[in-house]
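Please prepare a briefing on the structure shown below.

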Amino acid sequence: MSSISRDLIFLVLQYLHEEKYKEAAHKLEEESGIYFNMWYFEESVLAGNWEEAERYLSGFTKFNDNRHSTKIYFEIRKQKYLEALDRHDKGKALDILVKDLRVSSTSNEKTFQELTLLLSLDNFRENEDLSEHGDTQTARVMMMAQLKRLIEANPRFKDKLQFPVIKASRLRTLINQSLNWQHGLCKYPSPRPNMKTLLVDHYCPQTNVAPGGSSRAVGSSGIAPSQHALGELPRTVAMTLNQDSAVTSMDFHPAQPTILLVGTTAGEISLWNVASMERIAHISFEISIFILTWFFGYKQKTLARDPTVSVNRVIWNFDGIQFGMFKKKTGLSIGVAYSQHLVHLFTYNGHDGISNHLEIEAHVGGVNDAAYSQPNRQVCIVTGGEDKTIKVWEAATGMLRYVFEGHEAPVHSICPHSKANIPFLFSTSLDGKIKAWLYDNMGSRLDYTTPGQWCITLAYSADGTRLFSCGTGKDLIPHIVEWSESKGTIKQTYHGLCKQAVGGIKFDTIKNQFLAAGDDYMVKFWDVDNANLLTVTDADGGLPASPCIRSNKDGSLLAVSANNNRIKILANIDGQRLLSLAARSASESIPQARAINPLESVSAMAGTSASGADKGAPMATAGALAKNAQTIFAAVSPLWNCLAI
């Protein structure tokens with residue numbers, strides 16, 4: 001039984017005792033076997049309630065478990081037998097002797113014979129060994145003292161004799177906290193919530209009334225939801241960007257809505273100003289090969305690309321100053337004999353482009369997903385890998401803070417979040433498991449299995465109140481659903497996906513109202529409050545079967561990967577206005593595209609390196625590395641390759 005399950009039973013026991021449901025409480029103690037109520041057992045013995053005493057005892061130990069248990073049962077039955085003799089009820093005494101004491105004395109025939117002889121006496125105290133046997137109540141008290149010593153010495157009662165110290169009405173307190181949390185998640189919170197049941201999640205209904213007396217929900221503009229929604233969706237192709245290789249991951253800057261970070265199948269990352277269609281910065285994998293081979297003394301005749309290298313995930317920090325790139329290596333190349341798989345963190349310097357911050361040896365095997373988080377108000381990078389672990393690293397130093405273990409398959413995705421100032425994270429694995437973790441090294445707090453054992457990715461709505469997932473089952477049937485966080489059950493399944501997915505389907509939340517997914521050579525949209533498909537767009541054609549998509553923070557732009565290494569930028573009316581205004585000032589605020597040159601000073605990508613083996617030491621600075629002989633690999637990483645998430 002898990003520690004959480006044990007704690008829950010103790011809370012229920014406390015509640016039952018507080019509400020005076022004594023019989024139910026003792027029945028739960030007996031059936032669960034986690035707490036032996038010595039006071040209740042003593043009460044039964046002193047009252048001569050022998051059947052109840054033995055029944056309660058049987059929930060914790062059986063007659064033949066050990067010598068202590070055998071002695072406990074024997075003493076109870078002997079006292080019951082002597083009391084029947086004392087009442088001169090020899091019929092009852094004979095029944096106890098045959099049914100109870102005969103079994104209890106199988107290992108000691110002499111004892112049974114001595115007990116049998118007592119039937120022939122008018123007063124069993126005529127027996128020399130029982131001459132000092134007191135009255136009934138005194139005998140029970142003396143026997144109970146002996147039973148206590150036997151119980152305390154019995155290993156079957158280890159850790160079961162003390163009830164934990166719990167604040168009064170703890171279960172009620174937790175329920176009230178849960179109701180307050182649920183009320184905080186309401187889309188339309190009422191100042192006076194009506195909470196009448198715990199059997200379903202609490203919610204506050206919307207009270208707006210449409211013109212004409214209809215009770216149908218309407219938007220702030222008075223337009224019906226479906227009509228209002230279509231005008232807010234980014235569906236118009238505003239421009240097309242040309243990459244050098246196929247896109248695997250994208251992320252818009254959190255504060256500059258026209259700045260787009262892109263990772264590709266060729267191990268490249270690019271930084272685009274989509275308003276001016278300018279590539280601000282570009283790092284290609286060929287450069288890494290050149291520098292590493294020079295550092296290790298190997299000869300490099302050409303700067304050929306390695307087809308096994310792919311960017312798995314690119315993601316911005318909360319403030320947009322830092323971003324991460326996650327790769328792995330599936331093969332070996334001459335001069336770069338690395339099997340470890342790294343996380344690369346870069347710094348975005350605005351007009352100065354980007355520079356390398358540090359690299360971390362994160363996992364044994366690929367880094368499948370990563371995200372930024374802020375446990376204890378400290379910015380960290382959380383990674384999930386092929387080695388079935390989740391790790392939390394300080395983003396500033398690369399120091400390892402936490403390792404979460406418990407998945408039985410490679411970690412597929414992670415989703416950090418915070419509720420009521422309590423940071424936590426969800427993780428999913430390739431066997432369809434969802435786990436939830438607190439930053440305390442105490443193991444997973446929740447453990448769910450997705451229906452159909454889906455391999456899923458999780459995402460919250462922009463306001464953090466609703467949790468969604470998109471995934472594909474073993475039968476390749478795709479699903480998009482909304483989850484109940486508290487129950488681990490599906491609240492709503494969205495319809496309209498293709499019958500069988502070609503590759504993993506990418507999805508994103510748009511503001512607080514919409515979902516978007518790249519599916520069946522299109523981009524599909526849903527209103528989160530309606531399970532039916534809202535609308536689709538093919539973005540003027542040329543999309544792959546499962547395009548990669550990413551919305552900017554305000555939902556005005558949607559980046560969509562297209563065939564022939566292209567990225568299409570879709571916009572709504574606000575997005576088109578944003579692009580127009582941003583394009584006017586782009587030449588003044590954004591530098592021309594620049595690639596990191598292998599012959600350029602290494603300070604252009606100076607950074608630090610962190611190894612998973614050196615978990616506690618802060619990372620050395622790039623300046624210190626440069627002073628030691630010809631150490632220049634602070635700028636680069638070995639070959640990586642992993643599937644796009």
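Predicted model: local features only at pLDDT ≥ 70, side-chain atom pairs only at ≥ 80, totals over all residues.

Thr397 is found in the loop between E12 and E13, where strands (E, at least two residues) and helices (H or I, at least four residues) are DSSP runs numbered from the N terminus. With a relative accessible area of 22%, Thr397 is partly exposed; the scale counts under 20% as buried, over 50% as exposed and what lies in between as partly exposed, using a 1.4 Å probe and protein chains only. Residues are numbered from 1 along each chain as its sequence is written, and side-chain values use heavy atoms, with hydrogens and water left out.

**Overall make-up**

- The protein contains 13 helices and 30 strands.
- Of its 645 residues, 50% are buried.
- Contact means heavy atoms within 4.5 Å. Among contacts between residues at least 6 apart in sequence, 53% join residues at least 24 apart.

**Nonpolar cores**

- A nonpolar core is a set of buried Ala, Val, Leu, Ile, Met, Phe, Trp, Tyr and Cys residues joined through side-chain atoms within 4.5 Å.
- The largest such core has 24 residues, and those touching the most other members are Val382, Ile390, Val392, Phe404, Leu425 and Tyr439.
- At least two residues of this core come from each of strand E8 (341-348), strand E9 (354-363), strand E10 (367-373), strand E11 (380-385), strand E12 (389-394), strand E13 (400-405) and strand E14 (411-419).
- Once neighbours within four places in sequence are left aside, the contacts of Val382 include Asp369, Ala370, Ile390, Val392, Ile414, Leu425 and Tyr439.
- Another core, of 20 residues, lies apart from the largest one, and among its members are Met38, Val45, Met143 and Phe157.

**Helices H1 and H9**

- Two packed helices are described by the angle between their axes and the distance between the axes.
- The axes of helix H1 (residues 3-18) and helix H9 (residues 170-185) come within 8 Å and cross at roughly 110°. Axes are lines fitted to C-alpha atoms, for helices over the stretch in contact, and the angles run from 0 to 180 degrees between N-to-C directions.
- H1 and H9 are therefore roughly perpendicular to each other. Angles of 65 to 115 degrees count as roughly perpendicular, under 35 as roughly parallel, over 145 as roughly antiparallel and the rest as oblique.
- Leu11, Gln14 and Tyr15 of H1 make the contact with Arg170, Leu171, Arg172 and Leu174 of H9.
- The residues of this contact divide into four nonpolar, one polar and two charged. Here Ala, Val, Leu, Ile, Met, Phe, Trp, Tyr, Cys and Pro count as nonpolar, Asp, Glu, Lys and Arg as charged, and the others, Gly among them, as polar.
- Lys167 lies in the loop between helix H8 (136-153) and H9. Lys167 is exposed, at a relative accessible area of 70%.
- Lys167 and Gln14 are 153 residues apart along the chain, and their C-alpha atoms are separated by 9.6 Å.

**Residues in loops**

- Lys388 is located in the loop between E11 and E12. Lys388 is not a glycine, yet has a positive phi of about 75°, and counts as partly exposed at 36% relative accessibility.
- Asn564 belongs to the loop between strand E27 (557-562) and strand E28 (566-571). The phi of Asn564 is also positive, near 60°, in a residue other than glycine, and Asn564 counts as exposed at 66% relative accessibility.
- Asn349 is placed in the loop between E8 and E9. Asn349 is partly exposed, at 32% relative accessibility, and touches Ile354 and Ser355, residues up to four places away in sequence not being counted.

**A buried strand residue**

- Val311 is part of strand E6 (residues 309-316) and is buried, at 0% relative accessibility.
- The C-alpha atoms of Val311 and Thr265 are separated by 5.9 Å, with the two residues 46 apart along the chain.

**Cysteines**

- The structure holds zero disulfides, a disulfide being a pair of cysteine sulfur atoms within 2.5 Å.
- Cys415 is buried at 6% relative accessibility, and Cys548 is buried at 8%.
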